[in-house]
Amino acid sequence: MSLEQNQRTEREREQERKEYALQAKRDLYAHLNTAARAYRVAARDAVLAAERGESVDPADLDAAKDAWADQYSQAQMALVKDVLEVASSLNRALGIGYLVVKQLPSSPDFDEAYQRANTWFSGPLSDGVYLLRVTLRHDLGVEAGPHFEQTRMQMLAALDSARNNLARLLDRARSQAAGPAART
């Protein structure tokens, strides 16, 4: 085999390795996006069912939570810093959403609790799942906005702020539900 043939073969192998790595990254990103969306939808559906007075099977929400946890743990080993920052923030946001659903039955003010849950799942958490998707697409080179980084940072800050506010509201509701003896 000539030197030229060896070089061409090596270039072809390198191109195949790059294509394989890109496809693996796409697959990981697609699974992560799917798991995030499914978790959000399962939680929102549980809230809506509870609001209608229907019994809620926790298995669906727990399965979606477990699927997200599996995809997230795999992604933590492969995501670049900026993408991991968004996925980690979304992970915390999904976790607080899980608490929202779990605390609904013991809430002292059901109307307020359902309003809070509906607002969370249709607002900040929905925006967080969207942010993950566009960040993944940006990292793949599919979506390249001129001010993406600035928008990403603003949306990330808004998600973190909303999550922190919701955590404070849940803590307050939990202490109210526990009664005066728990607060002393």
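Predicted model: local features only at pLDDT ≥ 70, side-chain atom pairs only at ≥ 80, totals over all residues.
Which side chain meets that of Asp82 in a salt bridge?

Select residues 148-178, which make up helix H6. Its 31 residues should span 45 Å at 1.5 Å a residue, and the end C-alpha atoms lie 44 Å apart, which agrees. Next, colour the buried positions of H6, among them Phe148, Arg152, Leu156, Leu159 and Ala162. With the surroundings displayed, you will find that the buried residues of H6 pack against helix H3 (81-103), helix H4 (110-122) and helix H5 (124-140).

Now show the side chains of Asp82 and Arg152, which meet in a salt bridge with an N to O distance of 3.7 Å. Asp82 belongs to helix H3 and Arg152 to helix H6, so this pair ties together parts that are 70 residues apart in sequence. Arg152 is buried, at 2% relative accessibility, whereas Asp82 is partly exposed, with a relative accessible area of 33%.

Move on to helix H4 and select Glu112 and Arg116, which lie four residues apart, about one turn of the helix. Arg116 is buried at 14% relative accessible area, while Glu112 is partly exposed at 43%.

Finish at Arg44 and Asp45, whose salt bridge has its closest N and O atoms 3.3 Å apart. Here Arg44 is partly exposed at 26%, and Asp45 is partly exposed at 36%.

Note on methods
Residues numbered from 1 in each chain as written. Heavy atoms only, no water. Helix = DSSP H or I, 4+ residues; strand = E, 2+ residues; numbered from the N terminus. Expected span 1.5 Å × (residues − 1). Buried < 20%, exposed > 50% of the residue type's maximum accessible area, 1.4 Å probe, protein only. Contact = heavy atoms within 4.5 Å. Salt bridge = Lys/Arg side-chain N within 4 Å of Asp/Glu carboxyl O.
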